[in-house]
Amino acid sequence: MRALVPDYIETLKPYVPGKPIEETEREYNVTHVIKLASNENPLGPSPMAVEAIEAAARRVHLYPDGASYYLVRRLAQHLGVEPSEVFVGSGSNEIIELAIRTFTSIDDVALLSAGSFVMYKVALQSHGRKFIEVPMKAGYQYDLKAMAAALTRQTRVVFLANPDNPTSTAFGKSELEEFLAAVPEDVLVILDEAYFEYVDWAEYPNGLDYFHKHPNLMVLRTYSKIYGLAGVRLGYGVMQARLATYLNRTRMPFNLTSIAQAAGIAALDDVEHLRTTRETTWRELRYLETELRALGLPVPTSRANFVFADLGRPTAPIYEALLRRGIITRPVPGSGWPNALRISAGLHTQNERLVNAMREIL
Ligand SMILES: Cc1ncc(COP(=O)(O)O)c(C=O)c1O
């Protein structure tokens with residue numbers, strides 16, 4: 001008898017999301033659980049987005065606008081690009097999946113950094129695509145020189161997370177420019193900027209400055225992080241119109257709900273929500289870095305909204321001990337870090353609880 005699924009599905013290890021609060025309360029018999037596991041916005045969504053969602057909810061008997069016409073135009077205006085250069089998806093995750101499906105075939109190979117976002121590997125394997133991983137350099141940093149050297153004729157797509165998840169580090173302008181110059185134009189470069197809005201670093205390259213020069217560059221952003229809209233599933237890519245045209249061929253006709261479209265338009269107007277989130281996050285990141293380093297952990301300076309704690313020993317007992325205290329963090333073994341925890345910057349009282357618990361446990 002033939003196997004029910006191809007071998008690459010049989011051996012696929014699914015993505016493990018952060019543990020939900022309710023499940024933790026039930027399993028560990030604890031209350032007042034805090035979740036610092038999924039890099040969500042601890043301040044919640046923009047009230048303006050919530051209002052737009054409520055209004056859109058009254059019209060959900062109708063199919064959404066399949067072209068996301070108004071959202072695409074509003075985003076293009078916000079970003080200073082053409083509407084034809086914007087592609088919206090049900091989370092940037094959908095665009096990762098679609099890009100693999102659209103631009104690669106079975107014999108193509110993807111190039112990844114080891115230790116980076118695990119979804120690239122999951123999405124590639126679920127399409128039966130091969131990938132190679134280039135080790136990071138010291139400091140939990142992408143090694144773009146080594147990645148450029150690893151390009152072969154089989155390489156069809158490269159994934160770059162900047163800032164990276166889970167390590168929270170970023171690479172600078174000159175590194176990106178050198179890398180892009182080394183990549184042939186028939187190799188798609190997916191530059192994933194899920195944490196773009198949090199970056200406070202003069203050397204950080206804005207992917208949108210490069211896609212006109214590089215027709216093979218696709219920049220991904222999301223509403224799941226700083227905009228606090230992870231639950232509505234909304235992300236976008238910016239790229240030359242030709243690339244967007246291909247994605248529009250392969251996407252589902254109604255890939256974005258009307259709720260997501262309404263929320264995405266309204267959230268862009270809430271400048272105050274963005275500013276408050278950014279300032280809170282920066283303050284809390286510095287607090288977490290200082291306190292965790294004081295416990296002897298080599299925490300790199302975060303460019304995102306979470307910190308990466310290399311514990312130097314297996315993560316599971318510490319993760320469990322935190323759960324018993326009602327604190328959900330994120331082990332990241334799938335990314336290749338069996339000894340590390342990723343901790344999202346929460347509200348100050350939550351971060352204090354985390355630090356105190358870590359002090360007790362370590
Ligand atoms: C680097 C990176 N890319 C993409 C995503 C997926 O985001 P979305 O919620 O837009 O699918 C995440 C979410 O954790 C991420 O960290």
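Predicted model: local features only at pLDDT ≥ 70, side-chain atom pairs only at ≥ 80, totals over all residues.
Residues are numbered from 1 along each chain as its sequence is written, and side-chain values use heavy atoms, with hydrogens and water left out.

Where does the largest pocket lie? Domain 1 (7-44 + 271-361) and domain 2 (47-267) both contribute to its lining, so it lies between them; these bounds come from an automatic or database domain assignment. A pocket here is an open set of points on a 1 Å grid over the protein atoms alone, where a 1.4 Å probe fits, with protein on both sides within 12 Å along at least five of seven lines; lining residues have an atom within 4 Å of a point. In all, 27 residues line the largest pocket, and P14, V16, V118, P333 and G334 lie nearest its centre. Helix 6 (118-126) and strand 11 (330-332) each supply at least two lining residues, and helix 6 gives the most, with 4. Helices (H or I, at least four residues) and strands (E, at least two) are DSSP runs, numbered from the N terminus.

The second largest pocket also has residues from domain 1 and domain 2 in its lining, so it too lies between them. Its lining is made of 26 residues, with Y15, S38, N93, F117 and K225 nearest the centre. Helix 5 (residues 92-103) provides the largest share, 3 residues. By class, this lining divides into 10 nonpolar, 9 polar and 7 charged residues.

Now step back to the two domains themselves. Their C-alpha centres lie 24 Å apart, and 31 residues of domain 1 are in contact with 33 residues of domain 2, contact meaning heavy atoms within 4.5 Å. Between them the domains bury about 2,800 Å², 62% of it on carbon and sulfur atoms; buried area is the accessible area (1.4 Å probe) that two parts lose on being put together, summed over both. How many salt bridges are there between domain 1 and domain 2? The count is 0, a salt bridge being a side-chain nitrogen of Lys or Arg within 4 Å of a carboxyl oxygen of Asp or Glu.

Note on methods: Nonpolar A, V, L, I, M, F, W, Y, C, P; charged D, E, K, R; others polar.
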